[in-house]
Amino acid sequence: MTRTHRLRRSLLFVPGSEPRRLERARSSGADTVLFDLEDGVAPNAKHDARSLVAAALRAGGFGDSEAAVRVNGVGSPHCGADLETVVAAGATAIMLPKCERGEQLRQIGDLLSRCERAAGRADGAVRILALIETAAGVVNAAALAAASPRLDALCFGHADLARDLGLDDADASHGTLCHARSSVVLAARAHGLPPIDSVCLTVRDDDAIHADVALGLRLGFDGKLCIHPRQVEIANALYTPSPERIAAAQRIIEAARAAERDGHGVITLDGRMVDAPIVAAEERILARARRAGALAG
């Protein structure tokens, strides 16, 4: 059975050690507010950040936004405490960094089950977003995608991957990084999971942000990791089909259905061949529009 995944056009990282940014996250407009206990927090601030994030989760007030947490990874001395605390506080998803092996996801799934029982929550209530950001993770992406029923998305992290590969240039629009970016899309789609694109390290150049989000959309991603509220606005806009794109999809589908009623499987519309795969792609456009609230029904 195909599972309907949550709308995640934008996932905004919010450092867990900064109370003012934790508070402002509620009005960011991000589909997912991603409180960060890993790279965004200094080693000596982990304990305090965990307490601040737990308080923010308990306070709620996120509206339609998902409240999720990037925990410290498997092998970190902070991982167990992170999971226990954020599950008890009500997190709906956790992001697991530096995923490389299916066993990591299964181990975290077992820990989450124990934390859910202790907190009186339903088993499987907390979903996993797997962050792939090493060469080993990219090579094993397909195995990761099949590793856990809790898995809700494969996410790509290009900055850490560039360091892992020894690259001076962390531009994921070409070369090995773009190849890895595409590999994550293929692995996710092969297992019915949404792929989530890497952050754009540019925060003040709207044109550059727009170009990076648009490339991710063309590569097949469903959403974007963000490090600034301005990026959230652009990601939400581009990952929501425009009225013109919706109208074009509806026209193609209506023409194809009319042709099918007349016994034709393939038609030409505006000089372009339309067959079953094209219709399926246009139906996905409409499904995305409905989930984003841009189309009724």
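## Reading the helix pairs

A helix axis here is a line fitted to C-alpha atoms over the stretch in contact, and angles between axes run from 0 to 180 degrees between N-to-C directions. Keep in mind that this is a predicted model.

## H11 against H12

Start with helix H11, residues 243-261, and helix H12, residues 276-291: their axes come within 9 Å and cross at roughly 140°. Angles over 145 degrees would count as roughly antiparallel, so H11 ends up oblique to H12. As for handedness, H11 passes H12 in a left-handed crossing.

Which residues in H11 and H12 meet? On the H11 side you'll find Arg245, Ile246, Ala249, Gln250, Ile252, Ile253, Ala256 and Arg257. Facing them from H12 are Ile278, Val279, Glu282, Glu283, Ile285, Leu286 and Ala289. Sort the residues of this contact by class and you get ten nonpolar, one polar and four charged.

## The largest pocket

H12 turns up again here. The largest pocket has a volume of about 700 Å³, and 26 residues line it. Nearest its centre lie Arg189, Asp222, Arg284, Arg288 and Arg291.

Two elements give two or more residues to this lining: strand E6 (151-156) and H12. Which element gives the most? That's H12, with seven residues. Taken by class, the lining of the largest pocket splits into ten nonpolar, four polar and twelve charged residues.

## The second largest pocket

The second largest pocket holds about 220 Å³ of space. Its lining is made of 16 residues, and those closest to the centre are Phe13, Arg70, Ala159, Asp160 and Val199.

Helix H7, residues 158-165, supplies the largest share of this lining, with three residues. The class breakdown for the second largest pocket is eight nonpolar, four polar and four charged.

## H8 against H9

Next up are helix H8 (residues 175-190) and helix H9 (residues 206-219), with axes that come within 10 Å and cross at roughly 50°. Are the two helices parallel or oblique to each other? They're oblique, because an angle has to be under 35 degrees to count as roughly parallel and 65 to 115 to count as roughly perpendicular. The crossing of H8 and H9 is right-handed.

If you want to pick out this contact in the structure, look for Cys178, Arg181, Ser182 and Val185 on H8, and for Asp212, Leu215, Gly216 and Leu219 on H9. By class, that contact comprises four nonpolar, two polar and two charged residues.

## H2 against H3

The last pair is helix H2 (residues 46-59) with helix H3 (residues 79-89), packed at an angle of about 20° with their axes 8 Å apart. An angle like that makes H2 roughly parallel to H3, since anything under 35 degrees counts that way. The handedness of the H2 and H3 crossing is right-handed.

In H2, the residues that make the contact are Arg50, Val53, Ala54, Leu57 and Arg58. They meet Ala81, Asp82, Thr85, Val86, Ala88 and Ala89 in H3. How many of the residues in this contact are nonpolar, polar and charged? The count is seven nonpolar, one polar and three charged.

Notes
Residues are numbered from 1 along each chain as its sequence is written. This is a predicted model: local features need pLDDT of at least 70, side-chain atom pairs count only at pLDDT 80 or more; totals for chains, interfaces and linings use all residues. Side-chain values use heavy atoms; hydrogens and water are left out. Helices (H or I, at least four residues) and strands (E, at least two) are DSSP runs, numbered from the N terminus. A crossing is left-handed if the near helix is turned anticlockwise from the far one by less than a right angle, and right-handed if clockwise. Contact means heavy atoms within 4.5 Å. Ala, Val, Leu, Ile, Met, Phe, Trp, Tyr, Cys and Pro count as nonpolar, Asp, Glu, Lys and Arg as charged, and the others, Gly among them, as polar. On a 1 Å grid over the protein atoms alone, a cavity is a set of points where a 1.4 Å probe fits but cannot get out, and a pocket is an open set with protein on both sides within 12 Å along at least five of seven lines; lining residues have an atom within 4 Å of a point. Grid points are joined across faces, edges and corners, and a volume is the space filled by probe spheres set on the points.
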